[in-house]
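These are my notebook entries on one structure, written while I looked up its parts one after another.

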Amino acid sequence: MSRPGLFITFEGIDGAGKSSHIEGLAAAFRAQGRTVTVSREPGGTPLAEKLREMVLNDPMDALTESLLIFAARRDHLRNVIEPALARGDVVLCDRFTDATFAYQGAGRGFDLDVLSTLERLAQTGLAPDADLMREPDLTVWFDLAPEVAAERLAGARVPDRFEAQPVEFFRRVAQGYADRAAAAPQRFARLDAAQDRHRVWQQLTSVFVRKGWLAIMVASQGGPQ
Ligand SMILES: Nc1ncnc2c1ncn2[C@@H]1O[C@H](COP(=O)(O)OP(=O)(O)O)[C@@H](O)[C@H]1O
Ligand SMILES: Cc1cn([C@H]2C[C@H](O)[C@@H](COP(=O)(O)OP(=O)(O)O)O2)c(=O)[nH]c1=O
């Protein structure tokens, strides 16, 4: 019997530790016989990757930035996410629309109602149910104090346009994530990302075990080296 697709997104401020765990989780799902599509936003298709380059490197106003991000998202949904979910894949996506509300909305102070309008336009009409606005089945939120994230990132990689922002920007972004999580508590799973990699992995996999999506055996075997 075919299993329904699962759409799982990973969120948090830059340096919170998301990327360190996504491949491990993909391996855990594959070990259970699931087909996994790993992707990221902005990006995930040739067009969306071009838009990502612009968004991360070229200065622009917040509306232009939001329009480009949602354009990239629609292309990604249409060409990667919806087909993968239709096949029954587990889709693991490094960031999605909560990042737009946190970074463009809370971080840059852009109008949340306009973002909601763009969200509805970009995320509707692509699923088999044409009226459905596609949203993640689960969003894993790596919650970390901006000061700690900045310490982790210092020297780790060349900062992009967002990573170069001051700590006050990330305080607002972190609050933006907290507001999104409070508004949709069923969809969000918060992790204490200040713990060491192994403990974060344990928190992460226990969320999936509790949901019945991963077996305890598989979850306990993987994780960071
Ligand atoms: N739990 C952790 N404790 C300490 N350092 C970590 C932890 N998780 C990740 N890191 C390090 O922090 C940096 C940012 O991690 P990364 O996974 O790239 O974060 P993100 O994808 O959320 O920006 C990397 O150098 C990574 O090795
Ligand atoms: C998806 C998304 C990302 N971003 C920002 C957050 C990140 O700083 C940046 C790229 O995200 P990310 O891929 O997490 O960066 P990295 O691979 O370097 O960890 O884009 C937004 O501002 N809005 C969005 O909607």
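Entry one. I looked up Arg95 and found it in the loop between strand S3 (90–94) and H4, where helices (H or I, at least four residues) and strands (E, at least two) are DSSP runs numbered from the N terminus. I noted that the model is a predicted one, in which local features need pLDDT of at least 70 and side-chain atom pairs count only at pLDDT 80 or more, while totals for chains, interfaces and linings use all residues. Residues are numbered from 1 along each chain as its sequence is written, and chains are lettered from A and ligands numbered from 1 in the order in which they are written.

Arg95 has a positive phi of about 80°, although it is not a glycine. I wrote beside this that most residues other than glycine have a negative phi, and that most peptide bonds are trans. Is Arg95 buried or exposed? Arg95 counts as buried because 23 other C-beta atoms lie within 10 Å; the cut-offs are 20 or more such atoms within 10 Å for buried, 12 or fewer for exposed, and partly exposed in between, with C-beta atoms placed from the backbone.

For ligand 1 I found 15 residues around it, of which Gly17, Lys18, Ser19, Ser20 and Arg152 come nearest. Helix H1 (19–31), H6 and helix H8 (197–210) each supply at least two residues of this shell, which divides into 5 nonpolar, 5 polar and 5 charged.

I looked at Ser39, which lies in strand S2 (residues 36–40) and counts as buried because it has 20 C-beta neighbours inside 10 Å. Leaving aside neighbours within four places in sequence, Ser39 is in contact with Gly44, His76, Val80, Val91 and Cys93, contact meaning that the C-beta atoms, placed from the backbone, lie within 7 Å. Ser39 and Val80 are 41 residues apart in sequence, yet 8.6 Å apart in space, C-alpha to C-alpha. In the loop between S2 and H2 I found Pro42, and the peptide bond from Glu41 to Pro42 is cis, with omega near -10°.

How do H2 and H3 lie to each other, and at roughly what angle do they cross? The axes of helix H2 (residues 46–57) and helix H3 (residues 62–87) come within 8 Å and cross at roughly 160°; axes are lines fitted to C-alpha atoms, for helices over the stretch in contact, and angles run from 0 to 180 degrees between N-to-C directions. H2 and H3 are therefore roughly antiparallel (under 35 degrees is roughly parallel, over 145 roughly antiparallel, 65 to 115 roughly perpendicular and the rest oblique). Their contact has 9 nonpolar, 1 polar and 3 charged residues.

Technical notes: Nonpolar A, V, L, I, M, F, W, Y, C, P; charged D, E, K, R; others polar. Near = placed C-beta within 6 Å. Contact = placed C-beta atoms within 7 Å.
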